[in-house]
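Biologist: I would like to learn how to read charge pairs and nonpolar cores from coordinates. Could you walk me through an example?

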Amino acid sequence: MSVTPGRRAALEVLRAVRRGALADRALARALDRLEPRERAWTQELVYGTLRLRGRLDHLLAPLVRRGLAALEPDVLAVLRLAAYQLLEMEGVPDYAAVSQAVEQARAVGGRGADRLVNGVLRAWLARREEPAWPDPDRDPAGYLAAWGSHPRWLVERWIARWGVEETRRLVEANNRRPELYVRPIGVSAADAIARLGAAGIAAEPVPFAPDSVRVLPPAGAAEALAAVPAVVQDPAAALVVRYAAVPPGGLVADLAAAPGGKALALAEHARYTVAADASPARLGRVRENAARLGAQRLGLLVADARRPPLRDAAADAVLLDVPCTGTGTFRRHPDARWRLRPADLDALVALQRQMLEAAAPLPRPGGLLIYSTCSLEPEENEAQVDWFLDRHREYALRPPAGFDPALLDARGRLVVLPQRWGVDGAFAARLQRRP
């Protein structure tokens, strides 16, 4: 039995991720080479395998005598792909899934790899008893790391902060397939839903995020964007722009703009918006979105936010959506949970502080500095804002009037948690420079 193009593409993506590529970009390149009928299946196989990698490894480990760490990386990837298919996917008989995996192992793993994969997967199919998970009462972190498929060090952080039950809800939220949301540009959410309906696409409002629209299956992003002027954007990100509440008619700067959804939303009502990013390739995505939407009064600049391309006191509002651990976006970027290391947090906090220091002089007196992340970690969020305010007494927290208090903490900062709202995580602080 020959290996299908979709399975070959899935293995290529896992190889690329292992070398440091981001899964969404590697997958997009792989899907371009596939027939349309294979794309959805391949995407589910790749993202599902990455999402449940910890669970799959826990189930596979007892079946590999020498341990998973002793396997060739490609052979382990073949096993993970097959295990996910057997555990979660329908439409392909078990014997066919095993045969495909054996053929693929023979092609990439060298001598004996096919026999090993065949033996492991047949033992998997023969197993009928309930898997032996860590005891959730005696070792909740171990249970949520294995069954919940998350690095243990992150689970332990979250348990210390929120307790076991809320951490379990977060882990479950991170393991759900993400829904498709768009943020209309130039039209209201209600108008966008009407336009989508006229194109035969079912959509619905998001009650707590008035600027967002949920696009219902089976429609995809391409169909939705063809029917309505919009960007693909999670409600959590759209809420950051609404929370910023930038007065109309001003000069706005987004210092880390890619992929551009927030900058385009800010540009709707600004006199002019500067969208800057350090990456020319990522800024190209902003340019593509701006051209597609016919955005006016939007300037694009390749620039490092630590050396922003603005004069002091020149902007009415500055958005600083900083690079972060991204722990609020694990359901959309399942590879990120396995890439992240504890040392990354300290390095990112240091980078964020450099960016904050560089941004501080840019708003005019009375202007706004909006600091935001897609992280759940207090070092990048609440503690970072406290650090900044201690150093910059010319700034004060100024939450917007009329914003939903359920989305704000006690000091008026935006806090969106996946386990509570069912969307990505986000944090923002609206800081005003004193007149």
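Modeller: Gladly! Let's start with one side chain: R411 has a relative accessible area of 41%, so it counts as partly exposed. Keep in mind that this is a predicted model.

Biologist: Which residue does the side chain of R411 meet in a salt bridge?

Modeller: The general idea is that side chains of opposite charge can pair when their charged atoms come close. Here the partner of R411 is D386, at 2.7 Å from N to O. D386 is partly exposed too, because its relative accessible area is 29%.

Biologist: Where in the chain do R411 and D386 lie?

Modeller: R411 sits in the loop between strand 10 (395–397) and strand 11 (414–416), while D386 belongs to helix 18 (residues 382–391). They are 25 residues apart, and the pair links distant parts of the chain.

Biologist: What does the pair of R364 and D316 link?

Modeller: Again, distant parts of the chain: R364 is in strand 9 (residues 363–373) and D316 in strand 8 (residues 315–321), 48 residues apart. Their closest N and O atoms are 2.6 Å apart, in a salt bridge.

Biologist: Is D316 buried or exposed?

Modeller: Buried means under 20% relative accessible area, so D316, at 19%, counts as buried. R364, at 33%, counts as partly exposed.

Biologist: How many salt bridges does the structure hold?

Modeller: There are 34 of them.

Biologist: Now the core, please. Why look for nonpolar side chains in groups?

Modeller: Because in soluble globular proteins, nonpolar side chains tend to be buried together. In this model, the largest nonpolar core has 45 residues, and the members touching the most others are V13, L60, L79, V117, L121 and W124. Elements giving two or more residues to this core include helix 1 (5–18), helix 4 (53–60) and helix 7 (113–126).

Biologist: Which helix gives the most to this core?

Modeller: Helix 5, with 10 residues.

Biologist: What does W124 touch, leaving out residues up to four places away in sequence?

Modeller: On that count, W124 touches L56, L59, L60, L63, A83, L86 and L87.

Notes: Residues are numbered from 1 along each chain as its sequence is written. This is a predicted model: local features need pLDDT of at least 70, side-chain atom pairs count only at pLDDT 80 or more; totals for chains, interfaces and linings use all residues. Side-chain values use heavy atoms; hydrogens and water are left out. A nonpolar core is a set of buried Ala, Val, Leu, Ile, Met, Phe, Trp, Tyr and Cys residues joined through side-chain atoms within 4.5 Å. Buried means under 20% relative accessible area, exposed over 50%, partly exposed in between (1.4 Å probe, protein chains only). Helices (H or I, at least four residues) and strands (E, at least two) are DSSP runs, numbered from the N terminus. Contact means heavy atoms within 4.5 Å. A salt bridge is a side-chain nitrogen of Lys or Arg within 4 Å of a carboxyl oxygen of Asp or Glu.
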